[in-house]
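I opened my notebook to look up a few local features, one at a time. Come along and check each entry against the picture.

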Amino acid sequence: MVAETELYDLLGISPNASQSDIRKAYRKQAISCHPDKNPNDPAASDKFQKISNAYEVLSDETSRESYDNFGTADNSHAGPPMDDFMNSFFFDLNRPPPAPKAKDQVVDFDVTLEDLYNGKSVHFAIEKDVICKLCSGSGGKKGAKPQTCGRCSGKGHVLSSRQLGPGLIAQMPTPCPACEGEGVKIKDKSKYVLRTTLSSISLEFLGVESGMVDGQRIRLQGEGDEVPGAKPASLVFRLRTKKHDTFRVSGYDLAINIKLTLLEALSGFEKIICHHLDGRTVKVSVPQGRVIQPNETLCLRDQGMPLSRGFGDLYVQCEVEMPSGYWMKLQDRNALAKLLPNPDPKNAIQEGEKTENVKYETSSMSNLEISLPVASTSSEGAKSLSKPVTRKLVPVGGAYAAHASRQANGRSFDEDDALIRAENEKRAEEERRNQPEDDGVGEEPESKELLASDPKNYKALDMYAILGLSNLRYKATPDQIRLAHKKKILRHHPDKKAGRGGDANDDSFFKCVAKALEILDNPERRRQFDSIDESIDDKIPDVKFKGDFFAVYGPVFDREARFSDGVHPDQVPRLGGADAPRDQVEEFYNAWYNFNSWRSFEWYDKEVNEGSENRDDKRYTEKKNKSDRAQRKKEDNARVRTLVDNALAADPRMKKFRQEDKAAREAKKNKAKGIVSDPKKAQEEAALKAAQEAAAKEEQAKKDAENKASKATDKKAKEAARKNLSKAKKAIKQIVTDANYFQAPGSTASANVIENQLNELDLIANGLEPEETSELKKTLDATKDNEAKRAAITNAAKKLVEVGKVENGRFQQYI
C-alpha cells in the first residue's frame, strides 16, 4: 500500500509498475506533452515539468521507496520522519547499513550540432555485467544450501567501536567480514562459478532531444552493470559536441563569420549567408543606404539553438574585404568622391599656410605600442618622474626587411613564401648532391602525404618508405637501414627544419622516422612488418595464365622463398629453366610441398583499450588475436599450396616427363606384344602435333589482338561522344541564359527559377542519347524565336517522360 499515487497518475501507470514500464510511460508522456508539440497550450510547459519530476522520483529506487512510504509529490522538500533523523544521529544499532548501489557508468557520446538542433534517436547494443543465473551471485554450486553466518547471526553486519572524540566512543554497524555482509555462507563453493558477473548484450534506446546542450547527461536508470548484493548501476551518457565547420556555439546562441565586398558594405546586399542546421538556407537582406561597418555584428533573432520556448539568436559578424593597395589607380577618383562623404574641413590646407612635402614609406611598426613601467608606490622610491626623452623609432629587423621586399617587388605573402620555399629546397638539393656516396640507399622523393604521416597511427605507415628504402624493402641490410635513418634524421630534425624557415614544433615526421628505425632495427618486429608488407604483391598466377611459364612463376617463388623457416632463402630450391634435369625438378616440388614459413601476423593484433584494467577484456583480446593469427596463417599456407599446385599443373617440364613416361610404358607394352614401333615416325607425329598447337596459339593471339584493337577503338569513340555531349550541354545552357531563361521582356529571372531550369536541362541532357542531345542543340541554334526554343526543350522533356526515363512530375519549368 502506497501513501499516495499522484506521481503514478501523472505517468498513467499503477504503483506496482516495473522500471521498464516507468521508462516507456515517461517517453510516451514526454513526447505527447512536450511544449513544442503543444504551442497553443499555456499549461504545456508546467505539465511537462511535472512529468519530468515524476519520472526523476520514480526512476530512482531510493526516492521511489521514500515516496511510497511517506508520500509528498514534491520530492525535493520531502524528508525522513523525525525518528529516522534521531536514529541516524545516535546510530541505531538494530538498523542495517543502507543497501549498496553499483557505481554508475559515465560514457561520452559524440553528437553534432545538427543532432542537438534536430534531435536524434539511437538504438545501440551495450555489453554489461549481469548476475550469474546459475548461482544468483552466491558463487556456490547448483543446489548448495546457504547456512546462517555464526559471527553476525544472519544480520550481515557486526558492531565495531569507533572513537568520535576525546572520551567519546560509539559502536557502529559494519559489514560482516565472515560472510561479506550477506548473512549467510555457502559451504560448497564452486570451482567454476565464481561470485562475479557474466557479460551480456542488451539492446537500448537513447533519445537526444532537440535543445539539449554540450555536457548534458542522459541517464538510463538500472541499465548499468549488476553487482551481487547491490542495486543495478545506471548508464549515463554525457553529450560531447563536435566542432562545427560553420557555426560557433555560446549557450543557446550561434555565431558565424561572413565576408562582404566593399560594394556590399556600402550599398546593401541580399545574399544567402549559410545553410542552417536543419538544411534550410538563411538569407539576409540589408536595404540600400544601410552601411555595414567593418567587424559589425548583425543579430538574427530566433535563429539559434532551440529552447523550451522558442530559439536562441544567430550572430553574424561581417568582415569587409577592402580593395588592393593600387586599386584607385584604375578608378575615377572624382566620381567616387561625389558618392562618399566629404573629408573633415579641419584637415584641409588653408590658403597661405606654410606646408612641407614629406615623403612616406610603409612600415610594419605603425601599430607599435609603448607602455611605460608602473611608477613605484613605495615611500622610499623617487618622488618625481624623470624628464621625458625623445627617441627615434626606426623600422628594422627581419620582419620589416621581408615586408619591404614584398612591397618593392609587388609580391603577396603566398608568393613570397613560395619563393623562399623554392630557395630552401634548392639549397637542400645541393647539400644532398655534395654528400659522399651512400651504400646503395639513394634518395627517394617525399610526397606531401608521406610527410603528413601520423606517428600515432604507425601501423598504417610504410616503414620502408619513411626511411626512403622503398626500392630495397626486405632486401635492405641492417647497415643500410641505419644509414637511411641517419640521413632522414639530419634532414628532418626539428632544429634543421627551423634553420630552413620551417616550423620547429612540427616534429610528426621526425617521430615517424624514429618509429621506423625502432621497428626495422629489431629483427622480430621487422619480421612482423615484412609479413604483412602490402607494397609487395602476394597474388599467385592463375592456373590458366598466358605467357612464359618460367618468366611468370620464377619471380613468384623467389619472392616466397624469403619466408623460409629453418633454411636460408638462398638455399631454397629455385624453379630453374626448361632444360633442368628431372631429379632437380622433382627436388624443387618436394621441397616446396614441405615448405615451412616463418610468416606471422602479429602486426594485425588489436590492442587492449588504453587504461582498461579489466582482466577479462585483456584475456578476450589476447584470445581473439591468437585466433585471428591462426586463421591468417592457415589461409597463407593454403595460398602457398595453391601456388605449388598451379605451378606443377602448368610446368612444361612435368608435361614432357609425363609424355616420356607414357611413351616408355607404351614401348614396354608393344615390346611384350612383339610390336616394334618406329621411333622416326613417332618423332614426326610429335613434331606435327607441336606445329599444329603453335599455329592454333598464333591464331588465338591474332584474334586477341584484334579484339583489343576493337575495344580501344570503341573506347575512343565513347570518349569523343562524351566530350561532344559535354560541349552540347554547355551550349544548350548558354542558349537558355542568352534567352533570359524565357522570361518576359524587361523582367529578371529569380534565383529559384534559374536553378530549377539548369537542373532540368541537366536532367534532359543526361536522359537523351548523345546524338539526340546534339540534334537538340542544332535545333536551338537554327531558330531565333525564344518561344520556339522553349517548345523544342519542352518536347524533349515530354519525350523522356513518355518513354519512362524520367518520372512524371519531375519537370516544372519545361512542361
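Before I name any strand or helix, I note what the words mean: helices of at least four residues and strands of at least two are DSSP runs, numbered from the N terminus. I also note that this is a predicted model.

**Entry: backbone angles**
I looked up asparagine 295 and found it in the loop between strand S13 (281-286) and strand S14 (297-300). Its phi is near 65°, a positive value in a residue other than glycine.

I then went to aspartate 302, which sits in the loop between S14 and strand S15 (314-321). Aspartate 302 is not a glycine either, yet its phi is positive, about 60°. Is aspartate 302 buried, partly exposed or exposed? I wrote down partly exposed, because its relative accessible area is 47% and the exposed class starts over 50%.

**Entry: a surface patch**
Next I found a nonpolar surface patch of about 360 Å², made by Leu266, Val291, Leu339 and Leu340. I placed leucine 339 in helix H8 (residues 333-339). Leucine 339 counts as exposed because its relative accessibility is 71%.

**Entry: inside**
How many cavities of 30 Å³ or more are there? I counted one, and the largest cavity has a volume of about 60 Å³. Helix H21 (679-738), helix H22 (751-767) and helix H23 (770-782) each give two or more residues to its lining. H22 gives the largest share, four residues. By class, I listed six nonpolar, one polar and three charged lining residues; Lys729, Asp762 and Thr773 are among the residues that line this cavity.

Methods
Residues numbered from 1 in each chain as written. Predicted model: local features only at pLDDT ≥ 70, side-chain atom pairs only at ≥ 80, totals over all residues. Heavy atoms only, no water. Patch = residues over 30% accessible without salt bridge, like charges linked within 9 Å, V, L, I, M, F, W, Y side chains within 5 Å. Areas by Shrake-Rupley, 256 points an atom, 1.4 Å probe, with all protein chains shown as cover. Salt bridge = Lys/Arg side-chain N within 4 Å of Asp/Glu carboxyl O. Buried < 20%, exposed > 50% of the residue type's maximum accessible area, 1.4 Å probe, protein only. 1 Å grid on protein atoms, 1.4 Å probe; cavity = no way out; pocket = protein on both sides within 12 Å on 5 of 7 lines; lining within 4 Å. Points joined across faces, edges and corners; volume = space filled by probe spheres on them. Nonpolar A, V, L, I, M, F, W, Y, C, P; charged D, E, K, R; others polar.
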